[in-house]
Structure formats: structure tokens, C-alpha cells
Amino acid sequence: MSDQIYPPALQEIFEQVHEEGDQVALISSGQVPGWSLAEETVFTLEQWSDRDIPDNRDMVLFLDLFCRLTAAEAAQVPAQLSRLVRPGGLLFLTARTTDHPTWATPESGWMRSGTRELAGPDDQHRFYLHDDEIVTLFAAWNILHHTEGEDGRIEIVLMKPEGRTVDVSTALY
């Protein structure tokens, strides 16, 4: 998709944290336009699905991937991200809600396959969150930044609490 969401200054923060020796991970559907990142920090959707990403990262960027998952896969995202981010670590996440134009008017070849899921060519999927659902899914985390635009785009920055296990919700409503 050409309209992926990349928060301003995110590349600079990501690179600075990596240069300081912290463990970072960018999980995305492909290369981020204009970004040149160290190979060991970038992971694909396939690696995410195979759980082939080391745990306890200082920073994880999960960019626009909810929309590439099935509803069943999306339900596992909070628990998987909780495993990847160390206590006190940061999670940058972008996603889409059912207000996004691609939900309201599916592109050619895409059709509704669930209450919030589209199925497309080559067994592709798109999953959409409800308004403010992301806050519920990560209720135990500290929210540092959260916006949801009328265009159906979600941007949230979270810090995993230190000193205790984070209980995450897996109930997508």
C-alpha cells in the first residue's frame, strides 16, 4: 500500500537509539521509503508470523501491519509485542480503523470477509480496528502519544511498564 503511516522524526529516533547500542526492531511490510536502516534491525511480516524476532527489545516499531493480518492473527499482536518489548521499552505502532477509506470502499479485487476484515488477491488480508480499540488492547501500558484521525489512521507510542508482567488484552471486539 502506498499510504502507509510513518510518524515524523521516527527514523531519527530509531537510528539514535540503535546507535546508542540499544536493541531495536522495525517490523514492517517492506522497506520504509527514504529510510536506510541496519539490516539486523528490520524484520518482515513473515518473520513476525514465524515469531523469528529476538525478545526484549528497547524499541519496537510495528508499522501499519494490523491491516495485513487476519482477525485471528491480529488478536495475537498485543501478546507478541509484549514479549518483544522489554520492561521500560518503547512501542511505536500505526494501524487503521474502520474509518479508513479502504474499509469504507474496498479496492477492486477486495471483499469483506468479516466484520472488520477484507480478503483480497493472492490470499492477502486487511484487518481494521475500531475507534480507540488500540487503547483498550494496551491498557496496561503507559501511553505517551495517541492520535486517531478522521481518515482512519492510528498512531500510538507506548512504554511497557517496568517491574511487573504486562497483562495484555487479546479480545478484539
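**Entry 1: strands S1 and S2**

I began with strand S1, residues 24–27, and strand S2: 2 bridges join them, and they run parallel. Two strands count as paired if DSSP finds at least two bridges between them. In S2, I found Phe43 as the bridge partner of Ile27. The names come from DSSP runs numbered from the N terminus: helices are H or I with at least four residues, strands are E with at least two.

Before going on, I noted that this is a predicted model, in which local features need pLDDT of at least 70, side-chain atom pairs count only at pLDDT 80 or more, and totals for chains, interfaces and linings use all residues. Residues are numbered from 1 along each chain as its sequence is written, and side-chain values use heavy atoms, with hydrogens and water left out.

**Entry 2: the rest of the sheet**

I traced the strand order next. The sheet is open, has 6 strands and reads S2-S1-S3-S4-S9-S8, with mixed pairing. Which strands stand at the edges? They are S2 (42–43) and S8 (142–148); each has a single partner strand, so one side of each is left without a neighbour in the sheet.

I then followed the pairs across. S1 and S3 run parallel and are joined by 4 bridges. Here Ala25 stands opposite Val60 in S3. S3 and S4 also pair in the parallel sense, over 6 bridges. Val60 has Leu91 as its bridge partner in S4. From S3 the chain crosses through helix H3 to S4, and this β-α-β crossover is right-handed. To judge the hand, I use the view with the strands pointing away from the viewer: the path from the first strand over the helix to the second runs clockwise in a right-handed crossover.

S4 and S9 run antiparallel, with 7 bridges between them.

**Entry 3: buried or exposed?**

I looked up the cut-offs: buried is under 20% relative accessible area, exposed is over 50%, and partly exposed is in between, with a 1.4 Å probe and protein chains only. Of the 173 residues of the chain, 45% count as buried. S4 is mostly covered, with 9 of its 12 residues buried.

In S1, which way do the residues point? Val24 and Leu26 point one way, Ala25 and Ile27 the other way, and all are buried.

**Entry 4: nonpolar cores**

A nonpolar core is a set of buried Ala, Val, Leu, Ile, Met, Phe, Trp, Tyr and Cys residues joined through side-chain atoms within 4.5 Å. How many residues does the largest one have? It has 26, and those with the most contacts inside it are Phe62, Phe66, Leu81, Leu91, Leu93, Ile134 and Phe138. Two or more residues each come from S1, S3, H3, S4, helix H5 (133–137) and strand S9 (153–159). Another core, of 9 residues, lies apart from it; among its members are Leu26, Met59, Leu63 and Phe92.

**Entry 5: aromatic pairs**

I searched the whole structure and found 3 aromatic pairs. Rings of Phe, Tyr and Trp (its six-membered ring) pair if their centres lie within 6.5 Å; planes under 30 degrees apart are stacked, over 60 edge-to-face, and the rest tilted.

The ring centres of Phe62 and Phe66 are 6.0 Å apart and the planes lie at 85°, so this pair is edge-to-face. Phe62 is buried at 0% relative accessible area. Phe66 is buried too, at 0% relative accessibility.

The rings of Trp103 and Tyr128 have centres 5.3 Å apart and planes at 50°, so I logged the pair as tilted. Trp103 lies in helix H4 (residues 101–104) and Tyr128 in the loop between strand S7 (125–127) and H5, so the pair ties together parts 25 residues apart in sequence. Both Trp103 and Tyr128 are buried.

**Entry 6: Thr147**

I picked Thr147, which is found in strand S8. Thr147 is partly exposed, with a relative accessible area of 35%. What does Thr147 contact, leaving aside its neighbours within four places in sequence? I found Arg153, Ile154 and Glu155. Contact means heavy atoms within 4.5 Å. The C-alpha atoms of Thr147 and Asp132 are separated by 9.2 Å, and the two residues are 15 apart along the chain.

**Entry 7: the whole chain**

Last, I took the overall tally: 5 helices and 9 strands. Among contacts with a separation of 6 or more, 64% join residues 24 or more positions apart.
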